Amino acid sequence: MSKPQTRKITEKAEHPARSSEEQLCFHCGTPCLGAHFSFEEKQFCCDGCKLVYEILSSKGLCNYYELEQHPGLTQIRPLRTEKFAYLDNEAIAVKLCSFRTAEYSIVTLYLPGVHCASCLWLLEHLSQVNPAITQSRLSFSTKELSVHFRHEGMSLGQLAALLSTIGYEPYISLDDADRKRVSNHTFDRARIARLGVAGFCFGNIMMLAFPEYFGGGDIGLRFTQLFRWLSVALSIPVFFYCASEFFVNAWSSLRQIFSTQRRGAALFNIDAPIALAILITFIRSLYEIFSGTGSGYLDSMSGIVFFMLVGRVVQERTFRSLSFHRDYKAYFPIAVTVQTESGKCSRSLHDLKAGDQVLISNEEIIPADGTMLEGEARIDYSFVTGESEQVLLHPGQKVYAGGRQKGAQMLMLVEKPVAGSYLSSLWNNHAFSKNKQEEAYSRSSVHRISIWFTVVLFTLAAVTTVWWAIHDPSKMIPAVSTMLIVACPCALLLCASFTQGSLMRLFSEHGLFLRDATVIEKLSSVSHVVFDKTGTLTTGSMLRPEPGTAPFSTEEKIWVAAIVTRSNHPRSRALAEYLGPQEHANVLNWEHVAGAGVRAIVRGRRVLVGNALFCGSPKSAELVVRIDGSFFYFQEVPCLREGLPEMLRRLKPRFSLSLISGDGFRHFSSMRQLFGSSQLHFQQRPEEKLHYVESLQHQGEHVLMIGDGLNDAGALQQSDTGITLAEDVNNFTPSCDAILDSRQLSQLPALLTMARWGGYLIHFAFGLSLLYNFVGLYFAMRAEMHPLIAAILMPASTLSIVLVSVGFSAMLGRWILKPDTATSRRDTVRKAIKV
């Protein structure tokens with residue numbers, strides 16, 4: 001057997017200098033503080049991690065630990081036996097399952113804990129853990145597990161419990177029941193199929209056209225007609241199947257133009273000239289081939305379709321696994337436990353009504369506004385209000401939807417269901433009725449240029465038709481068709497698609513995932529950056545001794561660590577983190593007093609940790625430690641994200657800055673030091689944050705809002721650009737324009753610089769494309785360009801523009817963004833694919 005893994009830990013400067021050997025949990029890699037568990041000569045930090053190893057070892061699945069070192073993401077928390085009992089409710093199970101009969105079910109579950117190749121391997125071998133599971137397939141990019149199982153040996157609730165036991169607790173929300181589950185791959189497969197057909201036909205048509213391009217001699221002459229007929233056969237699926245979306249979009253655009261409700265040239269879609277170019281090229285090619293007057297331009301027509309589909313796949317395939325449109329339903333549970341006269345039962349959140357009594361356990365979300373009836377309540381409202389301090393409640397006091405219970409089980413009386421709660425009322429604000437994506441597209445330079453390009457092209461085509469109809473009718477059709485071929489806007493759109501796609505790829509490699517390409521242009525025009533504090537600039541609080549407090553001795557550290565490592569209270573965990581790893585000590589009479597603190601006897605010493613009243617301290621402090629008659633006082637200081645001061649220093653010369661927080665004023669002085677003379681607003685409710693952003697916009701500012709919680713959702717939606725900061729980009733985030741990996745927040749100035757230069761690059765590529773088009777139009781309108789030359793120049797110009805734009809975007813990325821800031825997401829995916 002392998003020996004327990006160890007590593008050397010050297011304490012930070014604020015602790016007395018010492019080094020100790022720290023044992024790491026074999027499953028998750030967490031330091032084994034205090035008491036730890038062992039099995040087969042392997043050390044574990046908790047009983048949950050040991051249980052996972054025992055299960056996998058008994059099933060012969062220990063390869064899980066060979067693919068990655070410490071593959072468990074976090075410690076395995078004990079699971080309440082009834083936590084997933086609601087999934088055995090048939091009405092709820094039917095909503096979640098994509099297929100369900102009396103004997104068999106197929107369900108897709110979202111597993112936030114998926115992170116490495118070991119996860120992929122284990123989750124696709126679940127049938128070895130429980131034979132009732134017949135098949136399990138994991139989509140690594142979306143973290144969705146599709147499971148086929150028989151009801152004879154497993155229920156849906158038991159499946160969820162099994163996944164939680166091995167460390168992959170599924171995230172099931174109210175939003176999962178409200179939306180119809182559609183495969184993420186359905187749309188992609190249809191477009192990829194069209195792309196494949198277009199590529200196959202385009203390549204073969206080009207090959208059949210080579211003899212005519214280069215003069216194929218006797219063989220070419222003998223097979224010319226056969227090659228032309230084969231080209232016609234290959235062009236039919238390209239025209240009727242692959243190019244169908246261009247005709248559909250063009251027809252939709254024309255219907256809007258002539259609609260009584262929406263008029264104006266601004267509604268022209270750039271697919272209209274593309275569809276017209278495809279149609280005229282196809283018809284003219286058929287005429288030439290059938291009449292024997294020429295070989296047509298079917299290779300150009302199929303090339304237009306193929307390259308346009310490539311551009312759209314590149315642009316729209318990106319980040320399909322991320323969700324940028326979420327509301328409060330994605331935060332709430334799908335069902336709750338209701339206490340009735342006959343006992344406990346699971347009830348869908350939609351069926352919850354005023355007067356119901358709901359049981360809320362530790363770490364569960366409060367589903368509705370109501371009154372606490374019994375139990376101990378310590379509510380964390382930070383995700384809803386931004387206030388990081390937990391609220392201690394007693395029976396008879398109000399509780400509000402969206403808070404998270406921290407502590408023992410409590411019973412509450414529902415007064416307002418979720419639809420009428422304070423939290424859901426935020427979504428009734430007018431800001432959430434806006435379609436930011438549609439507004440951004442209508443204001444984007446791509447849309448404006450495409451409108452004018454379409455109008456100008458059609459106008460010039462009409463003028464050319466009239467001119468040659470009067471002066472030389474024989475040149476009319478060749479001139480107009482050449483115009484539409486050489487000035488086909490596919491170069492215009494492809495340069496935009498590939499440039500934007502290249503920029504979006506660069507942003508994603510550095511932790512910024514954009515909803516779509518229009519966000520690049522919005523980021524480039526930002527003038528005012530507004531930050532949330534809790535969870536955005538800070539990652540909670542850490543404990544530090546108050547000035548004048550004597551440091552702990554080595555023995556005192558051991559005594560205090562022995563009792564705080566047994567508590568789940570946030571301040572106990574913060575103190576344990578401050579103390580660092582300590583050797584094990586026996587504890588007697590350990591006791592947790594709700595709302596006060598913990599106490600115990602350690603090696604004959606009486607140790608108390610809690611508030612001043614609990615410890616009998618003559619002095620008040622945020623946390624007091626008492627060892628016999630000695631007192632030690634601690635204060636909470638905000639734990640700032642890495643690189644935050646330098647990031648703000650780089651932003652100040654270029655942007656106006658503001659801070660809006662739902663938190664109290666206890667961190668005002670530290671924030672003032674960071675922000676200088678910038679505006680700071682504390683104790684802001686969600687609607688006040690929204691109104692503040694709106695007031696900045698009325699002053700002409702282009703506002704970038706950066707937040708992380710539901711309390712920021714209104715401000716994120718109201719802002720010109722809303723970025724959600726996420727510890728895990730696949731976890732719950734409010735509706736936004738972009739998601740920023742929290743580890744990359746320090747790179748925000750460089751990302752905004754990249755967005756500005758990216759906007760310049762897009763305009764440059766557009767200018768180059770327009771130059772190509774207007775030079776070609778000059779010769780085409782004069783009937784001085786043969787359609788064959790136009791057919792060759794069109795793909796050549798398109799390819800050159802794409803290469804220039806992509807090349808310049810790569811150069812900008814190397815110049816502005818540091819290579820070492822890229823995330824390891826691609827490496828993780830590649831490793832998973834190898835498995």
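Biologist: Why is Val480 called buried?

Modeller: Buried means under 20% relative accessible area, exposed over 50%, and partly exposed in between, with a 1.4 Å probe and protein chains only. Val480 has 13% relative accessibility, so it counts as buried. The model is predicted: local features need pLDDT of at least 70, side-chain atom pairs count only at pLDDT 80 or more, and totals for chains, interfaces and linings use all residues. Residues are numbered from 1 along each chain as its sequence is written, and side-chain values use heavy atoms, with hydrogens and water left out.

Biologist: Where does Val480 lie, and which residues is it in contact with, leaving aside its neighbours within four places in sequence?

Modeller: Val480 belongs to helix α16 (residues 476-486). Helices (H or I, at least four residues) and strands (E, at least two) are DSSP runs, numbered from the N terminus. Contact means heavy atoms within 4.5 Å; beyond those sequence neighbours, Val480 is in contact with Ala461, Thr464 and Thr465.

Biologist: Why is helix α5 described as largely enclosed by the rest of the structure?

Modeller: Helix α5 covers residues 156-165, and seven of its 10 residues are buried, so the helix is largely enclosed by the rest of the structure. Those buried residues are Leu156, Gly157, Leu159, Ala160, Leu162, Leu163 and Ser164. Their cover includes α3 (90-96), α4 (117-123) and the strands β5 (97-100), β6 (104-110), β7 (133-139) and β8 (144-150). After α5 comes Gly167, with a positive phi near 100 degrees.

Biologist: What makes the phi of Glu41 worth noting?

Modeller: Most residues other than glycine have a negative phi. Glu41 is a residue other than glycine, yet its phi is positive, near 65 degrees. Glu41 is placed in the loop between β3 (37-39) and β4 (42-44). Its relative accessible area is 52%, so Glu41 is exposed. Asn589, in strand β21 (residues 587-593), also has a positive phi, near 55 degrees. At 63% relative accessibility, Asn589 therefore counts as exposed.

Biologist: Why is the pair of Phe631 and Tyr633 called stacked?

Modeller: Rings of Phe, Tyr and Trp (its six-membered ring) pair if their centres lie within 6.5 Å; planes under 30 degrees apart count as stacked, over 60 as edge-to-face and the rest as tilted. The structure holds 23 aromatic pairs. For Phe631 and Tyr633 the centres are 6.4 Å apart and the planes are at 10 degrees, so this pair is stacked. Phe631 is partly exposed because its relative accessibility is 23%, whereas Tyr633 is buried because its value is 11%.

Biologist: How do you know that Lys619 lies over the face of Tyr633?

Modeller: A charge sits over a ring if NZ of Lys or CZ of Arg is within 6 Å of the ring centre and within 35 degrees of the ring normal. Lys619 lies over the face of Tyr633, at 4.8 Å from the ring centre. Lys42 is placed over the face of Phe26 in like manner, at 5.2 Å. Phe26 is itself linked by ring pairs with Phe39, Phe44, Tyr53, Tyr64 and Tyr65 into a cluster.

Biologist: How do you know that Phe764 is partly exposed?

Modeller: Phe764, in helix α26 (residues 748-781), has 44% relative accessibility, so it counts as partly exposed.
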